[in-house]
Every structure is written in C-alpha cells, then in structure tokens.
Amino acid sequence: MQKGRKPPVAPPDPALSRRGFLKAATTVSGLLPAVGSVLSWPSRSAAFPPDPFFENVARMVYHENPWGPHPAVVEELRTVLDKGASSGGINRFQDPAQEDLKRAILRYNRVDDILGPEHVILGVGSSEVLFMAADAFTSATRPLLTEWITYRIIIQRAEQNKAPVVKVPLTPDWQTDLVRLESEVVAASTNGTPYGLIHFNLVNNPAGTFLRKDSFEAFARSVYRHSPASVILCDDSDREFMEPDKRGALFEPLRHVVEGLPMLHVQTFSHVFGLTGLRIGYGIARKDIIERMEAHKIYAGTNAMARAAALASLAHADEQVQRCNKECCASRAWLYDRLRAIGLEYLPSQGHYILINLGTMDGTLAVLLLYLAHKVFVRWGSEWGLDSWIRVNPGTPYENERFIAGLRAILDRGPHRMSWRDYAATTEGARLVQAAVRHGFPRHALGPACHSVA
Amino acid sequence: MSKCVVPEGQQRPSDADDISLPSPSICARKDRRDFIKGLASFLGRTQATLLVTAAAFGCGGGQRTGGSTSGALFPEETGLEGYVRLAFNESPYGPAPEAVAAIDEMLSRPYGIEAADTHFLPGINRYPDFLNTQLTETLARFLGLRAVQIIPCCGVSELLYMCSQAFLGTSRTLLMTEGTFPLLRHYAVQKGAEITFVPPAQGLLANLDAMLEAVDSRTGIVYLANPDNPTGTMHALSAVEGFVDAVSRKNPNAVIVIDEAYVDYATEDEPPLGATPLVWHYPVVVGRTFSKAYGLAGLRAGYAVCREDISGVLNGFLSGYLGGDPGWRMFEGNVNRIAAAAVIGSLSPGGQAFLRDVRGLNSRMRRFLVGELLAMGYEPLESCTNFLLVRTGTDGRLLRDWLCSKKILVQAGASFHPRYADAIRVSIGDQWELERMLEALRDFHPGAQSPVRCTDAFFMGI
C-alpha cells in the first residue's frame, strides 16, 4: 500500500475556487485544497450544479433532436442501469465486435440479406466515422474533394492530415455543382493526383438542398470510371426529416455499396434517433474500405448505453421516424410562415435546419444578442462565410415562439450595418462579449474578439 | 483486436498455438457449423464434435433471436447463463449508487423546452459539453491540478491512441516491458513505430534500470503500467520518480506514459495522487480509468493527466479534435453524457466512500483467494490490484479453456507473453464468483483435457 505523499507546491492557480482555499485553510489537518473542496460538496445534486443562466436556454444551434428518442429507448437504458453489477451491467466491458448491433443496422437499412457485419464500422458518433475516413483516405498526396458550403468537420480533419482540400462552390440556387465536381475529378485523375476522398451530405448541411437520384447516379458512375482509387462518402444525417413527397428523389448510396463500388454510406443515431449525447454512428461500405478505416479506430469506443439505446431505437424505428418527421415538417412550416411575415429571406430546407438571411444585421451579433437577451441559442453563419446569416434548428412550438419573438426584438433594436468585429470593439460590444463568455458562450464563435476578455 | 491471432504468413497454427476459431466476422454469411466442420477436416482433426461445441460457444450465439453473436461476453443474451467473468478485471460490485443516481437524473431530463417554466438541463439527446468543462474541472479539483492538465477520454483506449498518434512514428520508438498490457503496442504497430521490449526484473517488476539503459535519442514513448497488468506488481512512487527524472535527463523529448489503471486498488490515498505530481515538472502522461474500481467499464470513461504543453499536443489527437482556436479542445465530445454524469457522481463524497468499500472488499477477497490457491498448490504472484497472476505448473491456455468449459472465464498468461505460458490471470470477483471458480478449479488435474478450445483474441487480451 502506498503511504500518502505531499505533492510539490503547485504554482498558484486562479482556476482553483476561492471556496476551496478557504475550506482548506479552516481544515484542521491541513489537507490539500482539492480534498477541501471535495468535502465542501453538500449533496449529490450539487455535484451537478445547474448553471442558472443555462436554464431555459432554447438550444437550436447544434442540430440536436428536441423531440427526444423513442420512450422505449429510455426504458431500455433504465433496464440496463437496473441490471446493477450483473453480467449485462455497465460495469462490464463490451465486446468490440458488436455484431448483433451491426446486423440490426443492416436489417434497418434492408440490406441484411446481402451485406454482413464486416461491411459496417461503428464510431463514437458519425464524427468519428468521418475522421476515420479522412485518416484512411486523405493525406498529403491524396486530396479531399468536397463542396462549399457543407458540414465542415471532414475538411478540418483532412487539413490536420496535411491533405489538400478542394471545395467546389454550390450553384447560385444552392445546389451541388455536379458538372464542376466531375471535371475536377477527371482533371485530378488525369494529372496523376486522384482524389482520395470525395465528400457529400445527402441533404446539405446547412443549405438544406439534397442529392438527386438520377443526376448523382450519373456523377458517381463517372467517378468510378475515371478515378477508381477514390472513395465517395455520402453523409446521411437528415433524410428522415425530408418532406415525404421529396424522399423518393433522394440518391440511395447503399445500392452502390451492395454492388461493391467504392461508396461509403455514413449514418448516425444522433439526429432522428435522438441519441446525440450517447455518441454512436456508423458507416457501411465494401469490406476493404471498412478494414482500412478500422486501422484508425479507437479500440472499443462504443459504450454500453449507446449500444442498448441503438438496438432499442432500431426496434422502434418506424414510429420514431414518423413522429420526428411530422414534428420537424410542422416546425419548419411554422417558422417559414413567421419569417415571411417578418420579411426575412430563408432557404427552404429538407433538413433539420434553416439558413436565414438577416440582411442588415451581422449574424454573430444576432446570435449573441439572442443568447444573452432572449436565451435562444442559434448558429452563426460566419462559420460558412455567410456573415449576415444565421442557422436555426427548428424546435418545439415554445422554442420556436421564443426564437421568433427574440428575432423580432433584436432586429428592431439593431445595430444594423455594423460588422461583428467593429461592434465587439466598442465599449458596449466588449461588455457584451465579456458577459457572454462568462455565461458559457463558446469562445470560438466569437473569434478574435474574445481574446481580449480577461 | 477481435480478429483471429494467427500470425501473418502462417497458414496453419503450430501445435503449440491455439486452434484459431474463425472470428465471428468471417462466419458472418455462412452457416457456422458447416464452416467449422470444413475447418475440422482441413486440419485433419477427428474431434469434429469438439470443434462444433467450440463453435457453438464462440460463434453460434447468433442463432438465437436477437442474440449476440459475440459469444460468452454477453451470457444472458446468448442464453449461456451463469458464466462467471473473471477474465476482464471488471469490478463485480458495479458503480457507486451516486453514479447510478446521476445517470438516472440524466435520463429524466426533458428533451426540449415545452413551456416557460420547464426546468431545462441538457439530456441524452444533446451533445456532451464540447469542452467537457464540468468533467475536467471536477477532476482538477479532485486531484489538486489545473483543468488544462486534464484530458477526459473514452477509456484508456483513447488515451493510448492519442499518445501513439502524437509521440510515435517511423523515427520515434516505443519502449516497454515485455509482456505488459499490449494495447499501446498494437497502436504502435499500426503507426509503423519500432518497439523495444525490456524483460521484467526479478519478481516480475518492470526493470527500470534496464529500461533506462534502453532509452536512446529515438525513443518517443516509455510505457510503464504501474500497477502492472498482468503481473499485479507495482513500483514505489519514489522509484518511479527517480526513473522519470533519469529518463528525461537522458532524452528530454521522450514522453513517459504511466498507466495507472489499477491505482485505485493500490493506494488508500484520498485523492489518489499516484504519479500525478510528476506532471508539474516532467514530460509524463498519467493514464487513469473509471473502468476498474469505479465499475464503469461499459461506459468508456478515463482521463489523462499531463503538463500543459503536452496536453496541448495531445488535444490535437483526440478523436474529436479539430484544429483552430486554442480554446477549442474537442468537437462534439468524446466522453458521452451518461459517462460524464456517472463520473461526476463517482467523484462525490458518497462515491468516494463507495470506492473505499470496494477497495476493502477487494483486499479481503484477494487475501481469501491467495490463501485458497496456495492451499491447492498454485503460486499466485503478490498483487496490489484486482487480479492475480497465478503460476499453475501446467499449460495456462489449457487451464483457461478447461475452466471455460465449466463456465468460468479467466485469462491465459500466454496471451500476454510466452513467459507467462504456465500462468492464468484471475480477476478478483466477489465471494460467490470466487467460490464458483475455486470449486471448478478443484476438479482440474494435470493431464485433464479441455473439451473446448478458445482463442486469445476471444478474451480480448485485456
């Protein structure tokens, strides 16, 4: 047994709470500040202290599902919890292979008669699947081809891998520019530097337009012909939120996977299934593609709760998809109506997000004001270079009401025609930035302005 | 890690190796029993029935509706009731009630705001706190460190993964004890890094002097599991400090990864500082997990403690990291919401009291098990963890397989290194589990044949 050891004197740390130090000072045995602050927790609930500001912040920013998972899923999670310390409890390691879950995924996608568990890779969220794809298929000599605007994280991961990234802009009507993309693929292949990975969203995030069967089919076939070493990645996060009459026109990547073509179909449990916090997603592809990605995988990342929740979600998939689709379509329609009434331009979307053009007001400024004054949290368009735009994830009726009310209020008040950078440089602006950061507003959204915050 | 262990280039395993049962993934679309029969005839064995039995054990579980095809790891699901799991060093006592309550509270949160008076805190349908601030700060307060020195990760697996990505490469080597916990070795091989193995010293302690000698200018990581898995031995912290000091003088660029997965069993300190004070002054990464004494193996929660400059580098290799703003630690969170809630509950005073109880029970059961094994003529190595490496005087794999046929799961020492070929590693379960194990063990005699054969990979080598 190890005897207690005093650590070397640590440099003073402003992050240690004052309460911790006082407690230590009054503790008779002179225990460490850390022990002092542990002893000062009055109860379990205080171990998870609610931030008074965060209470009742309507989160319409991170593309989460406000309608939640299917009730049977939470039932299942409580069952796992009740198992306590027995064989199936959370104190037991999971089998990394997770074959039954993979089979259930294939069954849900109606390809279980053709594909097997070796065609499925699980990730800690579909984010990990995207990262594994970037790690496996992009490098300094194997560029990434994607469009702009799109879901960004794969671009950032490819850049981290020192891969060149080529972004083809959307057409003026926000559609995928397949003509330009095809010519890029052919040119790169001819030059002897074929793309390692070609990335798409089936439903573009944040634009809300989608890949159509016929045109994308032709594009993909051309890619396979001209650039056989490339892998096409189709990130399928929002198909369940499409208007029912549009669903039929959506491209189906699995048809190509089943044919043994180099197509990687990525799906997630984070959106329609509402398991965002449990971190589970997957990719379906040809066996060799899966194997190459497995080499970049964290061993045994899937947790017991995510597994149980995913299985339960798939068992009740139809009900869940129907419910969330109905809610999302109604929510979007309501918002379109109110946005039209205000007179704001927006992009009609097939996904669980709507891009809104504020016109004269800076998007980041609007986000900040909505956050502080109206406790509604939406997304800043500057992330995609759309400085006067915001992106909102349609929410519950109450959340939508609060969002629209807040939007009206800030548009009335202004300031208008002032860039975020300039506003943050004013006294009022700087004070607002400080307040936001103090209340947990993510610094990276504030850009360089936040570095001046003490 | 779930693939069969037949080394590349070898078409047939030698007689000394296991018969490698095809991994479940190979069996995927074929009828398993036919495959096994085919394999039996290929290997020229006549005991087809034995292999079929093994197949039923290893691969056949999926025949049941909704059952796991992954075999005995989920005995309830495969219908193989009553398997005693003493192979994975899990805690039989489960998580603290505070952790369970915290998870329950997380599951009760509303999904969205339906009305003005909704008490809203983000639940399982919301991304984890991207910066994991609460978790990091709780751990920092708990250990008397700064938040910037702590990186929560998805179990030890992610910790070792990011260390291998950050500090190993074709010109940066890994130095480790022969036969110690193999996961970092696995990642090193994937990274194409050379590995230098140093045999353990007398008494199976890591040979710190020899390791220091083996450090050279190309060393990227020096890996020390302290307490060690599978031996259960541990160096005193004064020895570790001396070692770390000497290594960093010899090669200031080498990072010393000290894997303290079992430290909670080895020390009664509260908080369990272990080697963490070293991070103030040395390039040390201390790895911790909540999978063992805290009983949260299924949730995937652990953390790394290191100096600020090193944490800056490691952050770049987290599964969820994206480059950019320095405050941008991770994207979308790698430690899931439920794990974070459970950890915070476990770190509360009640959770720590529970840990004390677990430690006490473990010590009692360890004493009990050691006594019984000695009485039976076996040689358990002195251990400060929740497992024992037991020299058996017979083939450890055979004994493992034999016990498996009696529904007791233990690890074979050979899956770590041939020097442990005559040993098994037994997790210290609760009273009932150990009595079952001992009961089965009493029936074993040298010369007994096992009716099943298992692969090392099946037992995951953890």
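Begin in this predicted model with the largest nonpolar core, a set of 123 residues, and select F216(A), M305(A) and I338(B), which are the residues with the most contacts inside that core. Keep M305(A) in view and display its surroundings: leaving aside residues up to four places away in sequence, M305(A) touches L77(A), V80(A), L81(A), I90(A) and L278(A) of its own chain, and I103(B), L299(B) and I338(B) of chain B.

Next, colour by chain and take the two chains in turn. Chain A carries 18 helices and 13 strands, and of its 454 residues 60% are buried. Within chain A, 72% of the contacts with a separation of 6 or more involve residues 24 or more positions apart. Chain B, for its part, has 16 helices and 13 strands, and buried residues account for 64% of its 462 residues. The accessible surface of chain B amounts to about 15900 Å², of which 51% belongs to carbon and sulfur atoms.

Return to chain A and select β9, β10, β13 and β12, which in that order form an open sheet of 4 strands with antiparallel pairing. The edges of this sheet are β9 (345–346) and β12 (379–380) of chain A, each of which pairs on one side only. Zoom in on β12(A) and its partner β13 (residues 389–392), where the antiparallel pairing runs over 2 bridges; here R379(A) stands opposite R391(A) in β13(A). Helix α13 (residues 317–342) of chain A lies across β9 and β10 (354–357), running at about 5 degrees to β10(A), while helix α14 (residues 363–374) of chain A lies across β12 and β13, at about 45 degrees to β13(A).

For the last part of the tour, turn to the charged side chains. Side chains of opposite charge can pair when their charged atoms come close. Over all chains, the structure holds 34 salt bridges. Select R157(A) and D135(A), whose side chains meet in one of these, at 3.0 Å from N to O. Because R157(A) belongs to helix α6 (residues 153–160) and D135(A) to helix α5 (residues 125–137) of chain A, the pair ties together parts that lie 22 residues apart in sequence. Both R157(A) and D135(A) are buried.

Move to chain B and select R109(B) with E105(B), which form a salt bridge whose closest N and O atoms are 3.1 Å apart. R109(B) is buried, its relative accessible area being 6%, whereas E105(B), at 25%, is partly exposed. Then select R391(B) and D422(B), whose side chains meet in a salt bridge at 2.7 Å, N to O. This pair links distant parts of the chain, 31 residues apart, since R391(B) sits in strand β10 (residues 387–391) and D422(B) in the loop between β12 (411–412) and β13 (423–427) of chain B. R391(B) is partly exposed, with a relative accessible area of 26%, and D422(B) is partly exposed as well, with 25%.

Finish by selecting R92(A), R85(B), E90(B) and E433(B), which are linked in a network of salt bridges.

How values were computed:
Residues numbered from 1 in each chain as written. Chains lettered and ligands numbered in written order. Predicted model: local features only at pLDDT ≥ 70, side-chain atom pairs only at ≥ 80, totals over all residues. Heavy atoms only, no water. Pairing = 2+ DSSP bridges. Contact = heavy atoms within 4.5 Å. Axes fitted to C-alpha atoms, helices over the stretch in contact; angles between N-to-C directions. Buried < 20%, exposed > 50% of the residue type's maximum accessible area, 1.4 Å probe, protein only. Areas by Shrake-Rupley, 256 points an atom, 1.4 Å probe, with all protein chains shown as cover. Core = buried A, V, L, I, M, F, W, Y, C linked by side-chain atoms within 4.5 Å. Salt bridge = Lys/Arg side-chain N within 4 Å of Asp/Glu carboxyl O.
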